[in-house]
Amino acid sequence: MAPDPFDPRAFRDLGHRLVDAMADHLAATSERNGKTLALRPPDAMLDSVAPLGGDGGGDLLGLAQRMLLASNRLHDPRYMGHQVAVPRPELALLEGLNALLNNGMAVYEMGPIQTAMEIRALQWMARKLGMPAQTDGVMTSGGSLGNLTALLAARQRAADAWNHGGDRFCVLVSSQAHYCIDRAARILGWGEGGVVAVPVDADFRMRTDLLPEALASCRKAGRIPVAVVASACSTATGSFDPIDAIADFCERESLWLHVDGAHGAAYALSQQMRPLLAGIERADSVVFDAHKMLQTPALVTGVLFADPAACASVFTQQASYLFSKKAADEWHNRGHRTIECTKRAMGALLYAAVATLGEARLCSDLERGLALARALARRVAESRDFELAVEPQCNIVCFRHRPEGLEGEALDSHNRRVRQALVDDGSFYVVQTTLPRGHFMRTTLMNPRTTEADLDAMLDAVRSAARG
Ligand SMILES: Cc1ncc(COP(=O)(O)O)c(C=O)c1O
């Protein structure tokens, strides 16, 4: 007889062995032995994974071991790359529980406690941001989807495009905004003119003095402006647009204010950083990713709407197999408010992060990343062979290696080559971006295990790659 796939004893046994393997992985990362990156050329990696088909019978534990060996190690203190949380191990376990329960969240009946946890997690986010008490929202799979959801609501306030269509809309946004805003505008059918880029100042913040001109150009092109999007912060340099000044402009012009706080909204927990978010409490909508700065596994995004009616107005549809009333009358049926139907129970992860770690701990980890960013910026600024792109406003630092005599394209290719050598070696993960002044390496310091000694080692590794 075939073994019962739902046999609790077999599951317990496999679970213990799987947790042991994950714990060994964590141990290896804390000792900084092995590589941070497990990169191989994409073709070689694809060849190493057999095509699918056949009768199954594979060994799950063996597969897990292979995944552990061939994956990037975010928990290694030398991981300083993209803005993806180094997840708290206990929250990763909870994600496993989520997967086992598989309580989808289109309607309350499908995920009862998950719905309640999502609501509480959203209320917590709104409270931390100082948004109005009646703020409503929804959780989505990532900031990109969250920004699209918010822009759908903004458009709906400007005109009933949900029912009547229309492609002559646009949003005003800093030239440094994340690409997902432009993508959202194109998905909405607004085409190339759907985003009007407002220039930035020397610190890469939106120049609010240029907003009237941008608005005029939008209207001159026959477009209906639906919103101004403030970045809090921008992706490349971590720059915070002046939200209060943007909110004043939106108020004067009756425009929707959306804040893309995917990365930086979490700083609402920090007294030290709160001033950079001044004005976020006046936003019509905010996107806030917990899977960036709040240590949850991806993806966990809150999309918050100051006006609950706006939140409920985004998707107006009949679906008698799910909904029996209008969105406004069914706060508990989350599927009314999001593109997703079956939805991961992501609220549970943020709920658990706050309930178990507490705000003070989350805040001290955020401020630790900030202190590390400042320490790195100081080291870079004080050294003769490095250059800082801009004084960091948060935990994102852009810098480049600058040997004497190299300028322009030669300096850019030098930095591209050095970073590639670093990635090929795999000990440190540092990413990159191109700014008006040239090509820079980029780090996001949000790994709670990274120390100043790791920063020194990383700069040394850059120097040694440069020599190589
Ligand atoms: C400012 C900003 N907005 C949106 C996103 C996209 O978020 P996600 O990767 O969760 O879709 C990012 C990602 O880095 C970001 O930095």
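Visitor: How do the residues of the lining of the largest cavity divide by class?
Guide: The model is predicted: local features need pLDDT of at least 70, side-chain atom pairs count only at pLDDT 80 or more, and totals for chains, interfaces and linings use all residues. Residues are numbered from 1 along each chain as its sequence is written, and side-chain values use heavy atoms, with hydrogens and water left out. Ala, Val, Leu, Ile, Met, Phe, Trp, Tyr, Cys and Pro count as nonpolar, Asp, Glu, Lys and Arg as charged, and the others, Gly among them, as polar. The lining of the largest cavity then divides into seven nonpolar, four polar and three charged.

Visitor: How much space lies in the largest cavity?
Guide: A cavity is a set of points on a 1 Å grid over the protein atoms alone where a 1.4 Å probe fits but cannot get out, and lining residues have an atom within 4 Å of a point. Points are joined across faces, edges and corners, and a volume is the space filled by probe spheres set on them. The whole structure holds two cavities of 30 Å³ or more. The volume of the largest cavity is about 130 Å³.

Visitor: Which element gives the most residues to the lining of the largest cavity?
Guide: The lining has 14 residues, and those nearest the centre of the cavity are Met293, Gln295, Asp365, Leu366 and Met446. Helix H11 (290–293) and helix H14 (359–382) are the elements that give two or more residues; helices (H or I, at least four residues) and strands (E, at least two) are DSSP runs numbered from the N terminus. With four residues, the top contributor is H14.

Visitor: Which element gives the most residues to the shell around the ligand?
Guide: The ligand is surrounded by 14 residues, with Gly143, Ser144, Thr235, Asp260 and His291 the closest; a residue is near if one of its heavy atoms lies within 4 Å. By class the shell has three nonpolar, eight polar and three charged residues. With three residues, the element that gives the most is H6.

Visitor: What is the omega of the cis peptide bond from Ala298 to Leu299?
Guide: Most peptide bonds are trans. The bond joining Ala232 and Cys233 is cis, with omega about 10 degrees, and Cys233 is in the loop between strand S4 (224–231) and helix H10 (243–253). Leu299 is in the loop between H11 and strand S7 (301–305). The bond from Ala298 to Leu299 has an omega near -5 degrees.

Visitor: Is Ser254 buried or exposed?
Guide: Ser254 sits in the loop between H10 and strand S5 (256–261) and has a positive phi near 50 degrees. Buried means under 20% relative accessible area, exposed over 50%, and partly exposed in between, for a 1.4 Å probe and protein chains only. Because its relative accessible area is 67%, Ser254 is exposed.

Visitor: Is Phe204 buried or exposed?
Guide: Phe204 lies in the loop between strand S3 (195–198) and helix H9 (211–220). This residue is not a glycine, yet its phi is positive, at about 65 degrees. Because its relative accessibility is 9%, Phe204 counts as buried.

Visitor: Which element supplies the largest share of the lining of the second largest pocket?
Guide: A pocket is an open set of grid points with protein on both sides within 12 Å along at least five of seven lines. The second largest pocket holds about 670 Å³, and H1 and H4 each supply at least two residues of its lining. The largest share, 11 residues, comes from H1.
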